[in-house]
Amino acid sequence: MSYRAERLKILVATSVFPNSKQPCLGIFIRERMFNAAKHCELKVIAPVPWFPFIRYLKKDYRPCVPYLEIQDGIEIYHPRFFSVPRFFKCLDGFFFFISSITTALNLNKNFKFDIIDSHFVYPDGFGAVLLGKFLRRPVTITIRGTIKKLLNYPLLAIQIKYALKKAVKVFAVCNELKEVVTGLGISEGKTVVIPNGVDIEKFKPVEKLKMRSELGIPADKKIIISVGGLVERKGFHRVLSVLPRVKQAIPDIMYVMVGGPSVEGNYGPVLMRMVKELSLRDYVMFAGQQLHDNLYKWFSASDIFCLATSNEGWANVFLEAMACGLPVVTTRVGGNEEVVSSDDYGMLFELEDKDGMAYAIIKSVQKEWNREKIINYARKNTWDIRINHLISQFNSVINSYNNRLPEKALIQ
């Protein structure tokens, strides 16, 4: 489908987006939409949770970020939305909407956006749907892996189903999530699978020993690397639990963990305790949180990528690792099997199968992989391919919506 990209103006609405205080937050959303910005005009409303008595709860929370930031020439707005940690989370979507109204109205004066594109179904998608009704703009929602957990909470499930019904288009990052959406009664025609992609200019292999020297990684080790937030869901602890068995088979093994605390929590202290209790200090490296632009160095310095995650949509990090030549060892959950679609690209194991996980890690380290084939697979999944499909869908949505809606109904 052809399109005239210069006419398309998108307002992105999401609470998960990188900012000056949290540069690694929601990188995958920025990658997707900043690549889309090559073909359209784009502005972002990324509300930040706020609670006046947070210091009394002794809980890490979103730090104070500027109201307006400019990233790669794109305006990112950070209004505050009232959110009570742990309690009354069922109100987050409503407060997301309330906090965004003034910013959206002000933007609409000089940036008459055609569509509101939201990411994550709650609170973002629900809040965006309310915003779309108020401003009379079509709303799309991109579904990610969190939806399955949120549907377990009745008050959230009601709002999620409402948001999905009112959105004009639902994007799922993998087929497994599309099935979740259609299982809620949303038509297949309304739900489109557009997976995440990879920037092959940013992620490409460089000389291994050079990178190991630069990063302080021993030259004579076999390196397993995991990248992600240090949270329970990502499964760093699962890898640690089988590492004693792995090092018996591969004595020169080393496990490198790249990541830090995230909005889901901080599992770092637990992981550090496990390393001590399992006597793994000589076999584990905590690399801390790294800038996205530098991850290719860590991948290039490693031998295999492993993520024992318990829930995932379509993990960008898999393709990023593959683009640097790494096979991926991961759990058979969510969209993982869709990304690691062949034994040529990695190995899969069942979530709680420690024997299977240890076997997959050992065999992957020992195997002589066709790394050029892995790299070529990643190159077939670039952002350019994904974005062409996405922009086409946006234009289709806008044309269909405007044909139904009287011109006088649009806010001028």
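**Reading the terms in a predicted model**

Student: Why is Arg238 called buried?

Tutor: Its relative accessible area is 12%. Buried means under 20% relative accessible area, with over 50% called exposed and anything in between partly exposed (1.4 Å probe, protein chains only). Arg238, at 12%, falls under the buried limit, so it is called buried.

Student: Before we go on, what kind of model is this?

Tutor: It is a predicted model, in which local features need pLDDT of at least 70 and side-chain atom pairs count only at pLDDT 80 or more, while totals for chains, interfaces and linings use all residues. Residues are numbered from 1 along each chain as its sequence is written, and side-chain values use heavy atoms, with hydrogens and water left out.

Student: Where is Arg238 placed, and what does its side chain reach?

Tutor: Arg238 sits in helix α9 (residues 236-249). Helices (H or I, at least four residues) and strands (E, at least two) are DSSP runs numbered from the N terminus. The Arg238 side chain comes to 2.9 Å from the backbone oxygen of Ala308. A polar contact is a pair of N or O atoms within 3.5 Å; within protein, one must be able to donate a hydrogen and the other to accept it, and residues adjacent in sequence count only if both atoms are side-chain atoms. The 2.9 Å value lies within that limit.

Student: Which residues does Arg238 touch?

Tutor: Leaving aside residues up to four places away in sequence, Arg238 touches Glu232, Arg233, Ala308, Thr309, Ser310, Leu351, Glu352 and Met357. Contact here means heavy atoms within 4.5 Å.

Student: What makes Asn35 count as buried?

Tutor: Asn35 has 8% relative accessibility, and therefore counts as buried. It belongs to helix α1 (residues 27-36). Its side chain reaches the backbone oxygen of Glu31 at 2.6 Å, and a 3.0 Å polar contact joins the side chains of Asn35 and Lys38. Beyond residues up to four places away in sequence, Asn35 touches Arg30, Trp383 and Ile387.

Student: And how do you know whether Leu230 is buried or exposed?

Tutor: Leu230 has 7% relative accessibility, so it counts as buried. This residue is in the loop between β11 and α9. The C-alpha atoms of Leu230 and Gln289 are 9.2 Å apart, although 59 residues separate the two along the chain.

Student: How do you know that β11 and β12 pair?

Tutor: Two strands pair if DSSP finds at least two bridges between them. Strand β11 (residues 222-227) and strand β12 (residues 253-258) have 6 bridges, in the parallel sense. Within this pairing, Ile224 stands opposite Tyr255 in β12. β11 also pairs with β14, again in the parallel sense, over 2 bridges; Phe305 in β14 is the bridge partner of Ile225. β14 and β15 pair over 3 bridges, with Phe305 opposite Val328 in β15.

Student: What is the strand order in that open sheet of 6 strands, and what makes β13 and β16 its edges?

Tutor: The order is β13-β12-β11-β14-β15-β16, with parallel pairing. β13 (284-288) and β16 (346-349) each have a single partner strand, so one side of each lacks a neighbour in the sheet. Neighbouring strands are turned by 20° against each other on average, direction ignored.

Student: Which way do the residues of β14 point?

Tutor: In a regular strand the side chains alternate between the two faces of the sheet. In β14, Ile304 and Cys306 point one way, Phe305 and Leu307 the other way, and all are buried.

Student: Why are α3 and α4 called oblique?

Tutor: Helix α3 (residues 92-110) and helix α4 (residues 121-135) pack at about 45°, with their axes 8 Å apart. Axes are lines fitted to C-alpha atoms, for helices over the stretch in contact, and angles run from 0 to 180 degrees between N-to-C directions. Under 35 degrees counts as roughly parallel, over 145 as roughly antiparallel, 65 to 115 as roughly perpendicular, and the rest as oblique. An angle of about 45° belongs to the rest, and α3 and α4 are therefore oblique to each other.

Student: What is the handedness of the crossing where α3 passes α4?

Tutor: The crossing is right-handed. A crossing is left-handed if the near helix is turned anticlockwise from the far one by less than a right angle, and right-handed if clockwise.
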